Amino acid sequence: MKVTTLAIVGPAQHGVRMHASALADLTPQAARVEGEIAEVLPQLLVEDGPVHLHFTDRIFGRDADDAAHVLERIAAHRRVSVTLHDIPQPSDGHAFTARSAGYARVVTAAHMVIVSSEYERDLLLRHTGVPADTAVHVDPLPIDRVSATISTRDPLGFRSSRPSVGLLGFIYPGKGHAHVLAALASNTHAADVVALGRPSDGHQDLVSEFERTASAQGRHFHVTGFLSEDELTAAARSVTVPVVAPEHVSASGSVGRWIASGRRPIVTRHPFFEELRDRAPWSLTLTEDLPAALDAALENPASTWIEDGDWNESDVPSTALAAQTQWSRLLASNPDTKASEPTNDRPAMSTDSRGSAESQVTP
């Protein structure tokens, strides 16, 4: 039997690669290749045996068409399974049609598909389509509770005694920084806005734009730059109010990082966040009125922390459990093994069950 290879693809700081790498770290029985796609593609094309990839078009090619072509080349040589991230959705704007077509080609080339939320599965079925004989499994993103003892000096990178509203992750259009600044426009609290991360490539100009908007409100907009794991945890625990307010979501790693750091972030309403709220109601505060929610949290910052007694590990999988689940899925999908299908979530969708999912309303 040929051992399945876990391909960890993308820039070192990209969340998809970091997630794939964390799962692979806890799967020593698998073979492993890691690097940006140009580095690992030659090896993926010459070797045989099953390979599993965590796919988003943004790290596999110049655009969705190029990324799909790369995966099809791999699938022409060996059995491919994929965990899909950043599922296409109408809020992608002009890129939606091309991204949907690219993901459709990827799904067609793959023997098994995993997504990270029921919402993503519904998006995939509604807008991309899935061959009748291809199972789509839902395995939620893991959340590992981190130590509360992690600390660094001046973790936010600037000295200020003022309260802060923090957003976590790369800065790019639609991430939520503009939404939060707009929500604070009429807020009387003297709170600054902090971006825990750096601008995405090509979007450095947003920083000066947000600085001007904040300054007009009598606030500061501060960017920490890239943070190591420990630095990010310390910073996440240092802001006064954590917020997740993106324009579109498929399965947000940012909200998981806040939760892992012991914070209960304010999140704007979205089917994915509702799904997480239903599984772990203690983990976040869902709001339809962001200005009011920010005002309430600045008045009572204690509401943005997860109480020790509230944390329930059965509500969210650990990375160890997620790695075990992923490996079980790969064994079950490999025709050379006789592993039984795991039952950690609802069964993979049959042809008969696809209609009900497609009828659900998604943005």
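What volume does the largest cavity have? In this predicted model, local features require pLDDT of at least 70 and side-chain atom pairs count only at pLDDT 80 or more, whereas totals for chains, interfaces and linings use all residues. Residues are numbered from 1 along each chain as its sequence is written, and side-chain values use heavy atoms, without hydrogens and water.

The volume of the largest cavity is about 50 Å³, a cavity being a set of points on a 1 Å grid over the protein atoms alone where a 1.4 Å probe fits but cannot get out, with lining residues having an atom within 4 Å of a point. Volume here is the space filled by probe spheres set on the points, which are joined across faces, edges and corners. Its lining includes Thr4, Pro50, Arg79 and Leu330, and divides into 4 nonpolar, 4 polar and 1 charged residues. The second largest cavity holds about 40 Å³; His52, His54 and Gln326 are among its lining residues, and this lining contains no charged residues.

The structure also holds 5 aromatic pairs, defined by ring centres of Phe, Tyr or Trp (its six-membered ring) within 6.5 Å, with planes under 30 degrees apart counted as stacked, over 60 as edge-to-face and the rest as tilted.

Conventions:
On a 1 Å grid over the protein atoms alone, a cavity is a set of points where a 1.4 Å probe fits but cannot get out, and a pocket is an open set with protein on both sides within 12 Å along at least five of seven lines; lining residues have an atom within 4 Å of a point. Ala, Val, Leu, Ile, Met, Phe, Trp, Tyr, Cys and Pro count as nonpolar, Asp, Glu, Lys and Arg as charged, and the others, Gly among them, as polar.
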